[in-house]
Amino acid sequence: MSEQTIVPIEQLLPNKLFLIPLSGRPIFPGIFTPVMINNSDDVKVIDEVYSGDGFIGLTMVNNDVESPGITDVCQVGTVARVIKKINLPDGGVNVFISTLKRFRIRKQVSERAPMIAIVDYLDDEESDTFEVKALTRALIGEMKEISENNPLFSEEMRLNMINIDHPGKIADFIASILNIDKKDQQHILEVQNVRQRMEKVLVFIKKEQELLKVQKKIQNEINGRIEKNQREYFLREELKAIKEELGMTTDAKSSEYQKFKERFDALKFEGEVKEAVESELEKFSLMDNNSGEYIITRNYLETIFSLPWDAPLAESYDLKEARSVLDGDHYGLDDVKKRIIEYLAVRKLKNDTKGSIILLVGPPGVGKTSVGRSIARAMNKPFFRFSVGGMRDEAEIKGHRRTYIGAMPGKIIQGLKIVKSKTPVFMIDEVDKMGSSYQGDPSSALLEVLDPEQNIAFRDHYLDLPFDLSNILFILTANTLDSIPGPLMDRAEIIQLSGYIDTEKLEIAQTYLVPRSVAKNGLSKKQVRYSKEVLLFIANSYAREAGVRNFEKNLDKIHRKFATEIVFGEKESKDILKPDIAYVEQCLGKPIFREDGGKKADRPGTAVGLAWTSMGGDTLIIEAITNPGKESFNLTGQMGDVMKESASIAWSWVKHYVTDKGLTDQAWYEKQVVHLHIPEGATPKDGPSAGITMATALLSLIQGKAIRKNLAMTGELSLTGQVLAIGGLKEKTVAARRNGVKEIIIPQANVRDLDDIPEHVRKGIVFHPVTRMEEVVSIAFSSRDRKSRTQD
């Protein structure tokens with residue numbers, strides 16, 4: 001029997017190897033590990049190798065290639081022997097391998113799968129034994145420190161270190177379990193010198209230790225926070241238990257719940273409101289106070305308990321005192337005050353707390369908002385004002401639905417929360433300037449708020465509970481009725497504020513504007529003294545609009561200039577300002593509005609009319625001339641469509657009248673171009689009230705005769721010669737007086753409006769009421785003095 005010898009397995013390694021590409025990390029020699037093989041070509045290689053000598057070469061793929069070739073893998077790899085193979089259901093295999101030694105590819109045999117190469121095996125290059133021993137101890141010591149902080153390291157070491165009997169293998173094993181980049185691992189695999197390999201691994205161990213230190217620090221901080229929170233939680237629970245034992249209030253949530261519960265018990269809700277609030281309270285008691293839903297519910301309950309749910313108290317106000325308040329706050333506006341007092345008298349007589357809707361309509365600056373505030377003061381009621389000008393979202397009126405944290409109730413409910421009264425005065429400004437968009441129509445939302453039949457159970461989207469708004473007095477303001485929806489106007493009592501005449505502005509300036517402006521600009525009442533002439537000059541030359549807002553602005557300019565002169569030492573603080581017209585022009589510049597002395601009908605083809613504008617009344621000169629040419633009728637002066645129609649009616653009536661009277665014939669018209677013009681062409685003009693004025697100017701042109709001096713007229717003309725009613729007679733009369741007019745022709749239907757004109761304005765002016773255009777002709781072209789029954 002022959003003697004058998006044991007040969008090391010390294011001597012049995014084949015020079016030709018099947019290569020398995022590794023897409024992950026490289027595998028070092030001296031390791032027993034499982035490997036999952038899924039590629040069908042690689043599975044075939046495993047099957048063939050497993051049935052043969054069992055040796056395969058493992059090399060890492062340089063780049064992520066889907067089907068790598070032999071040129072795509074690293075040149076240095078590890079030879080391994082397949083110990084066991086387990087077939088998987090998906091067609092792959094799980095193999096257990098024992099890695100043996102490094103190799104380097106010397107020659108390609110098969111470039112594509114199955115990849116085959118001739119290889120050279122690489123031995124470790126031994127170095128100085130003393131240095132290698134020192135490095136070995138250093139590596140094992142550092143790994144022990146790492147294993148103390150990471151149980152996974154120590155477990156792997158217990159399983160594999162038993163097979164490690166060489167310094168190079170120790171370096172290989174540590175490099176395989178360190179969490180470093182696969183390219184760095186491949187670089188370590190390619191190092192044959194043991195000492196250099198161990199030095200590189202030691203560097204990566206140091207980096208791992210630094211990383212573990214930072215990780216441990218972060219973990220300690222997080223654990224500290226968790227422990228602190230847990231400690232605070234236990235302390236709060238102990239404090240809660242102590243307070244319960246002592247009968248004291250517990251946490252903030254319990255305190256809020258108790259507060260809401262007390263309000264709920266005090267308000268005595270009924271029906272739907274009671275059920276809804278009880279449900280919300282129960283839900284609130286079960287919520288975590290750190291959740292978003294908790295904040296929504298708390299805000300909702302605060303809104304509910306902030307509203308005035310109790311029945312309104314009986315009203316208590318004195319009409320004489322109310323009249324005194326209105327007179328003290330506003331000069332003039334007698335008609336407005338009268339209607340407000342009548343309204344209050346009816347409420348007092350009926351002992352009724354039900355609200356109403358008043359719509360104040362007038363130009364800017366006439367005191368609509370301040371009238372509303374005075375009404376609230378006269379009735380001893382809280383006042384809340386908000387503007388709807390430019391509003392396009394109905395949620396501003398009816399609130400947002402309670403589906404997110406930022407949801408809010410509408411302006412009506414917000415106002416009730418602020419005033420804390422069920423019978424306040426609500427002023428809604430600029431209702432003529434509301435818009436509409438895809439978010440809804442606020443004017444339609446206002447209908448429910450203002451309708452007495454609906455607002456008894458008004459439902460705000462946020463509140464979603466019926467609330468009675470019928471006790472609120474709503475005061476709406478607008479500059480015009482044209483853009484207000486009809487249904488909204490139907491629900492309101494309309495009160496017109498027509499504006500102030502110059503003498504009223506004088507009284508307002510002396511009583512209110514001058515003292516307020518003086519105080520606003522840091523002066524005292526004794527430092528400023530105005531004469532009536534100067535105040536009237538400011539009103540007529542710089543602030544001729546219906547209101548007094550620009551009047552006050554101009555007074556502010558004068559007072560600011562005086563204050564500046566005092567600060568710069570140009571005037572003494574004890575000096576008294578007595579502004580004259582020259583000083584006013586120095587402060588305000590040249591007059592904006594010129595005197596109307598030039599508007600005279602002193603030649604044939606001219607007549608003076610009266611107009612109403614947003615700035616108040618004004619005079620209007622009408623001019624007409626003829627030129628030879630083909631028959632036509634031209635109009636200039638930026639007339640509106642209504643005024644153009646009035647001019648056409650006037651021309652038709654005049655042609656009919658002069659033909660009937662025999663003053664001219666048809667042949668004359670066929671050879672004449674008639675041109676009618678209204679000066680100040682940059683200013684748009686419209687309206688029917690200049691009808692009789694244009695007819696008079698045209699008749700004066702044809703007759704070649706001027707009308708009477710100091711005569712003005714206003715009235716709409718029909719095609720059959722009737723003179724119809726017009727508006728704004730008060731403002732027109734003021735303008736006529738400013739222009740030195742002594743006689744005014746008005747429609748008979750407007751005689752009733754003469755009582756609205758102050759006596760000091762009417763004094764010295766003769767009014768001629770007419771019903772037909774023939775009467776206008778008779779008055780305008782009469783040379784004798786003609787008295788009217790309306791003469792003052």
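**Figure 1. Aromatic pairs in the predicted model.** The count comes to 17 aromatic pairs in this predicted structure. One of them joins Phe264 and Phe269, with ring centres 5.9 Å apart. Their planes meet at 40 degrees, so this pair is tilted. Phe264 has a relative accessibility of 9% and counts as buried. Phe269 is buried too, with a relative accessible area of 9%.

**Figure 2. A ring pair between distant parts of the chain.** Tyr300 and Tyr462 form an edge-to-face aromatic pair. The distance is 5.8 Å centre to centre, and the angle between the planes is 65 degrees. Tyr300 belongs to helix H9 (residues 292-306). Tyr462 sits in the loop between strand S10 (458-459) and strand S11 (466-467). The two residues are 162 residues apart. Tyr300 is buried at 3% relative accessible area. Tyr462 is buried at 4%.

**Figure 3. Charged side chains over rings.** Tyr300 also has a charged neighbour: Arg402 lies over the face of the Tyr300 ring, 3.6 Å from the ring centre. Elsewhere, the charged end of Lys655 sits over the ring of Tyr669. Here the distance to the ring centre is 5.4 Å.

**Figure 4. A cluster of linked rings.** Phe264 and Phe269 return here as members of a cluster linked by ring pairs.

**Figure 5. The open five-stranded sheet.** The strand order is S8-S9-S12-S7-S13, and the pairing is parallel. Strand S8 (383-387) and strand S13 (493-496) stand at the edges. Each has a single partner strand, so one side of each is left without a neighbour in the sheet. From one strand to the next, the twist averages 20 degrees. Helix H11 (residues 334-350) lies across strand S7 (357-361), S12 and S13. The helix runs at about 155 degrees to S13.

**Figure 6. Strand S9 and its partners.** Which strands flank S9 in the sheet order? S8 stands on one side and S12 on the other. S8 and S9 run parallel, joined by five bridges. In this pairing, Ser387 stands opposite Asp429 in S9. S9 (residues 425-429) pairs with S12 (residues 473-478) in the parallel sense, over four bridges. Across that pairing, Phe426 stands opposite Phe474 in S12, and Met427 stands opposite Ile475 in S12.

**Figure 7. The two faces of strand S9.** Side chains in a regular strand alternate between the two faces of the sheet. Are the faces of S9 covered or open? Both are covered. Val425, Met427 and Asp429 are buried on one side. Phe426 and Ile428 are buried on the other. In total, five of the five residues of S9 are buried.

**Figure 8. Ser517 and its contacts.** Ser517 lies in helix H17 (residues 502-520). Its relative accessibility is 0%, so Ser517 counts as buried. Leaving aside residues up to four places away in sequence, Ser517 touches Leu555, Asp556 and His559.

Conventions. Residues numbered from 1 in each chain as written. Predicted model: local features only at pLDDT ≥ 70, side-chain atom pairs only at ≥ 80, totals over all residues. Heavy atoms only, no water. Pairing = 2+ DSSP bridges. Axes fitted to C-alpha atoms, helices over the stretch in contact; angles between N-to-C directions. Contact = heavy atoms within 4.5 Å. Phe/Tyr/Trp six-rings, centres within 6.5 Å; stacked < 30°, edge-to-face > 60°. Buried < 20%, exposed > 50% of the residue type's maximum accessible area, 1.4 Å probe, protein only. Lys NZ or Arg CZ within 6 Å of the ring centre and 35° of its normal.
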